[in-house]
Amino acid sequence: MNLTRRTFPGFAALFSLPLFWVLLLMVVPYAIMISVGFWSRQFPLFYPDFQFGNYAQIAADPQYTTVILRTLKIAASVTLFSLLLGYPLAYFLVFTVRSRALRNLLYMSVIVPLWVSYLLRAYTWKIILGTDGALNSLLVSTGIVSAPLDIFLYNQTAMVVTLVYIFVPFMVMPLFAVLDNIPRRLIEASEDLGVGPFMTFWRVIFPLSLGGVVAGATMTFCLSFGDFVAPVLVGGPDGTMVANLLQTQFGAALNWPLGSALATLVLALVLILLQLSSRLDRAGRVDLS
């Protein structure tokens, strides 16, 4: 009892500041956002209220459903292509590169782009895909086309390419960590039993790396789902995503209640995704102890 009395004040003092910080910068803003979603708008002012008119407007207007579905499709595409690029790269670094120094150097080459401005990395692809960009210059110089093409930019494909380039490191990092921690004795045991390389990967390596797949997919999906810069730079008229709608509602439209309701729906979708990924991670976890 005396030990508990002595340690509790220290425990409370240690965690009170971080707890206050989380409440101030996360819980309170989220609570304000959710509450504003029920307010009424009488331009140019907003009035505290409790009504579901903003959510009814979102449900009734097909524009919002179209944009949300488009955002889900683009985020899912970015996640899939990031996995298809990131998994072989992480596998190569862990199981093919024997030199630890070279492995770390190659791994850092994947991480270093994260230190560069996000806007600069996105704008680079606008330059590459533009009519005067590197891709069109290559096609014209090799004689494949006679004049620059404008089909590479301002479409959803350009958005997916740009977002994959930007967010693929977030797929590689957890995959590299998980693959690097797989005990080599399990792979050697599989080979000793006469199992081929493909079945060893499918029955041993891949199941043990599912935690990294889930973590990387979750981060990549959430980051691309909330992106609003790439649609502006390379998306074009058919590339509007839900973050751009939020920017419009809180900016030019000056409709904070509707924007808050839309943001609450986005938050709910992300929380559902995190819950599903957590369940998948627990279901696919293997005890190696």
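Axes are lines fitted to C-alpha atoms, for helices over the stretch in contact, and angles run from 0 to 180 degrees between N-to-C directions. In this predicted model, local features need pLDDT of at least 70, side-chain atom pairs count only at pLDDT 80 or more, and totals for chains, interfaces and linings use all residues. Residues are numbered from 1 along each chain as its sequence is written, and side-chain values use heavy atoms, with hydrogens and water left out.

The axes of helix α3 (residues 62-96) and helix α7 (residues 156-180) come within 6 Å and cross at roughly 45°. The two are therefore oblique to each other (under 35 degrees is roughly parallel, over 145 roughly antiparallel, 65 to 115 roughly perpendicular, the rest oblique). Helix α7 also meets helix α10 (residues 210-225): their axes come within 8 Å and cross at roughly 155°, so α7 and α10 are roughly antiparallel.

## Nonpolar surface patch

L17, L19, F20, W21, V22, L23, L24, L25, M26, V27, Y30 and I34 make a nonpolar surface patch of about 1,100 Å². Patch residues have over 30% relative accessible area and no salt bridge; like charges are joined within 9 Å, and nonpolar side chains (Val, Leu, Ile, Met, Phe, Trp, Tyr) within 5 Å. A salt bridge is a side-chain nitrogen of Lys or Arg within 4 Å of a carboxyl oxygen of Asp or Glu.

L25 belongs to helix α1 (residues 2-36). Its relative accessibility is 47%, so L25 counts as partly exposed (buried is under 20% relative accessible area, exposed over 50%, partly exposed in between; 1.4 Å probe, protein chains only).

## Strand β1

S40 lies in strand β1 (residues 40-42) and counts as buried because its relative accessibility is 19%. Helices (H or I, at least four residues) and strands (E, at least two) are DSSP runs, numbered from the N terminus.

How values were computed:
Areas by Shrake-Rupley, 256 points an atom, 1.4 Å probe, with all protein chains shown as cover.
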